[in-house]
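Here is a friendly briefing for anyone meeting this structure for the first time. Have a look at the sequence and the model, then follow the points below.

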Amino acid sequence: MSLSACTIRLNGDFCDIYSPVFPDYENDTPETIRQIDENNIVYLECF
């Protein structure tokens, strides 16, 4: 099964289109915050 069935292919640099995710420290679980931080590492490496 293809995951791109209803999308067009994006051309360009990941860093040009990515937006960081901001955790809600009052409501997110520690595991969610950890995952958000790991995800945002990619964004921070772009600069």
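Tyr-18 is buried, because its relative accessible area is 15%, under the 20% cut-off. This residue is found in the loop between H1 and H2. Please keep in mind throughout that the model is predicted.

**Around Tyr-18**

- Which residues does Tyr-18 touch, once residues up to four places away in sequence are not counted? They are Asn-39, Asn-40 and Tyr-43.
- Side chain to side chain, Tyr-18 and Asn-39 are joined by a polar contact of 2.3 Å.
- Another polar contact, of 3.0 Å, runs between the side chains of Tyr-18 and Asn-40.
- Tyr-18 and Tyr-43 lie 25 residues apart in sequence, and their C-alpha atoms are 7.0 Å apart in space.

**The chain as a whole**

- Two helices and zero strands are found in the chain.
- The chain has 47 residues, and buried residues make up 11% of them.
- Its accessible surface comes to about 4500 Å², and carbon and sulfur atoms account for 57% of that area.

**Helix H2**

- Helix H2 covers residues 30-45, which gives it 16 residues.
- From its first C-alpha to its last, H2 reaches 23 Å, close to the 22 Å expected at 1.5 Å a residue.
- Which residues of H2 are buried? Ile-33, Ile-36 and Asn-40 are.
- Val-42 also lies in helix H2. Val-42 counts as partly exposed because its relative accessibility is 42%, between the 20% and 50% cut-offs.

- Asn-40 has its place in helix H2.
- Is Asn-40 buried or exposed? Asn-40 counts as buried, because its relative accessibility of 11% is under 20%.
- Leaving aside neighbours within four places in sequence, Asn-40 is in contact with Tyr-18, Pro-20 and Val-21.
- With Tyr-18, the link includes the polar contact of 3.0 Å between the two side chains.

**Ile-33 and Pro-23**

- Ile-33 is found in helix H2. At 14% relative accessibility, under the 20% cut-off, Ile-33 therefore counts as buried.
- Setting aside neighbours within four places in sequence, Ile-33 is in contact with Pro-23, Tyr-25 and Asp-28.
- Ile-33 and Phe-22 are 11 residues apart along the chain, and 8.8 Å separates their C-alpha atoms.
- Where is Pro-23 placed? Pro-23 sits in the loop between helix H1 (14-17) and helix H2 (30-45).
- With neighbours within four places in sequence left aside, the contacts of Pro-23 are Asp-28, Ile-33 and Ile-36.
- Between the C-alpha atoms of Pro-23 and Gln-35 there are 9.6 Å, while the two residues are 12 apart along the chain.

**Salt bridges**

- How many salt bridges are there? The count comes to two.
- In one of them, the side chains of Arg-34 and Glu-31 meet at 2.4 Å, N to O.
- Arg-34 and Glu-31 both belong to helix H2, three residues apart, about one turn of the helix.
- Arg-34 also forms a salt bridge with Glu-38, and the closest N and O atoms are 2.4 Å apart.
- Why are Arg-34 and Glu-38 separated by about one helical turn? The reason is that they are four residues apart in helix H2.
- Together, Glu-31, Arg-34 and Glu-38 are linked in a network of salt bridges.
- Arg-34 counts as partly exposed, because its relative accessibility of 36% falls between 20% and 50%.
- Glu-31 counts as partly exposed at 39% relative accessibility.
- Glu-38 is partly exposed too, with a relative accessible area of 45%.

How values were computed:
Residues numbered from 1 in each chain as written. Predicted model: local features only at pLDDT ≥ 70, side-chain atom pairs only at ≥ 80, totals over all residues. Heavy atoms only, no water. Contact = heavy atoms within 4.5 Å. Buried < 20%, exposed > 50% of the residue type's maximum accessible area, 1.4 Å probe, protein only. Areas by Shrake-Rupley, 256 points an atom, 1.4 Å probe, with all protein chains shown as cover. Polar contact = N/O pair within 3.5 Å; in protein donor to acceptor, adjacent residues only side chain to side chain. Expected span 1.5 Å × (residues − 1). Salt bridge = Lys/Arg side-chain N within 4 Å of Asp/Glu carboxyl O.
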